[in-house]
Amino acid sequence: MNTNTWDLGGRVAVVTGAARGIGAATAALLRERGASVVATDRSESVDDLAGDGVATLVGDVADEDTARAATKLAVDRFGGLDILVNNAGRTLNKPITETTVADFDSILAVNARGNFVQAREAFRIMEARGGGAIVSVASISSVVAFATQTAYAASKGAIAQITRVLAIEGGPKGIRANAVLPGVVDTDVMEGVVENGREMLAGFGDAHPIGRIGRPEEIAETIAFLASDAASFVTGALVAVDGGWTAQ
Ligand SMILES: NC(=O)c1ccc[n+]([C@@H]2O[C@H](COP(=O)([O-])OP(=O)(O)OC[C@H]3O[C@@H](n4cnc5c(N)ncnc54)[C@H](O)[C@@H]3O)[C@@H](O)[C@H]2O)c1
């Protein structure tokens, strides 16, 4: 009998936004812990991850057909779906007076609707199988406010509440749902949003009591824990992985 509750051997996971950053680190860690992984992204570079135990899919997470195709791929290729990591997301930093309806709708479509449609498709399969674990990548912006983030904060607040609802609906069905709330993490998330985005993110180090920004692998560790049986009594939780930011 396998008594290592962190082990994910035999599990099947879908990870969205897996081409780079937190999603790529998570897909790699889940695979390392034994899970088969369906890695999805709108970027075709996600196909570079394809290999033993990893299938890939290119698609826009805001499109429900992508969610259907990802869950179908998990079932067809690996025999089911046990874990969903709802990670794909975009950011936007604009004062409210400059934020257009198109800006607002496009951020909500990717971050909130994308989270919903992928969770719904996973939930259907997990319900039929008698259980599963959904982990969403929200943000400290789900619970604290920053200037210039009306659209992003609204979308991440939505993910926090979707997570809690799924925990309540999923509890009797053996489905757990949790969210991680990363602080600032060293990724390319600001690419195309501001110039020198990575340097800008690094400048937030001192705002975290730990004195630095996070690494994608540190977020992946908490996601892998929440996806595993080690977290069997954890559901509906918004887990800060933020170097202490929201403790302030
Ligand atoms: N980096 C941070 O400081 C930070 C902090 C808090 C939360 N987050 C959240 O973490 C998640 C991952 O971000 P990251 O920092 O790794 O950023 P990233 O930009 O490096 O990675 C995001 C990935 O999602 C994909 N993606 C974006 N829009 C998509 C769409 N419509 N359809 C499919 N794929 C799409 C991108 O192609 C990319 O591969 C996001 O939800 C982000 O909001 C990041």
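Which residue has a backbone N or O atom that lies 2.7 Å from an oxygen atom of the ligand? That residue is Asn 87. Keep in mind as you look around that this is a predicted model.

## How the ligand is held

As for cover, the ligand on its own has 820 Å² of accessible area, and the protein covers 95% of that.

## Who's in the shell

If you'd like to pick out the shell around the ligand, start with two helices. H1 (21-32) and H4 (150-170) are the elements that each give two or more residues to it.

The ligand has 27 residues around it, and the ones that come nearest are Asp 41, Asn 87, Tyr 152, Val 185 and Thr 187. Sorted by class, the shell has twelve nonpolar residues, eight polar ones and seven charged ones.

## How the helices pack

Both of those shell helices also pack against another helix. A quick word on how to read this: two packed helices are described by the angle between their axes and the distance between the axes.

Take H1 to begin with. Its partner is H6 (residues 216-227), and the two pack at an angle of about 50 degrees, with their axes 8 Å apart. That angle makes H1 oblique to H6. The crossing of H1 past H6 is right-handed.

Now for H4, which pairs with H3 (residues 101-129). Their axes come within 8 Å and cross at roughly 15 degrees. Because angles under 35 degrees count as roughly parallel, H3 is roughly parallel to H4. H3 passes H4 in a right-handed crossing.

Technical notes
Residues are numbered from 1 along each chain as its sequence is written. This is a predicted model: local features need pLDDT of at least 70, side-chain atom pairs count only at pLDDT 80 or more; totals for chains, interfaces and linings use all residues. Side-chain values use heavy atoms; hydrogens and water are left out. A residue is near a molecule or strand if one of its heavy atoms lies within 4 Å of it. A polar contact is a pair of N or O atoms within 3.5 Å; within protein, one must be able to donate a hydrogen and the other to accept it, and residues adjacent in sequence count only if both atoms are side-chain atoms. Accessible areas come from the Shrake-Rupley method with a 1.4 Å probe; for residues, only the protein chains shown count as cover. Helices (H or I, at least four residues) and strands (E, at least two) are DSSP runs, numbered from the N terminus. Ala, Val, Leu, Ile, Met, Phe, Trp, Tyr, Cys and Pro count as nonpolar, Asp, Glu, Lys and Arg as charged, and the others, Gly among them, as polar. Axes are lines fitted to C-alpha atoms, for helices over the stretch in contact, and angles run from 0 to 180 degrees between N-to-C directions. Angles under 35 degrees count as roughly parallel, over 145 as roughly antiparallel, 65 to 115 as roughly perpendicular and the rest as oblique. A crossing is left-handed if the near helix is turned anticlockwise from the far one by less than a right angle, and right-handed if clockwise.
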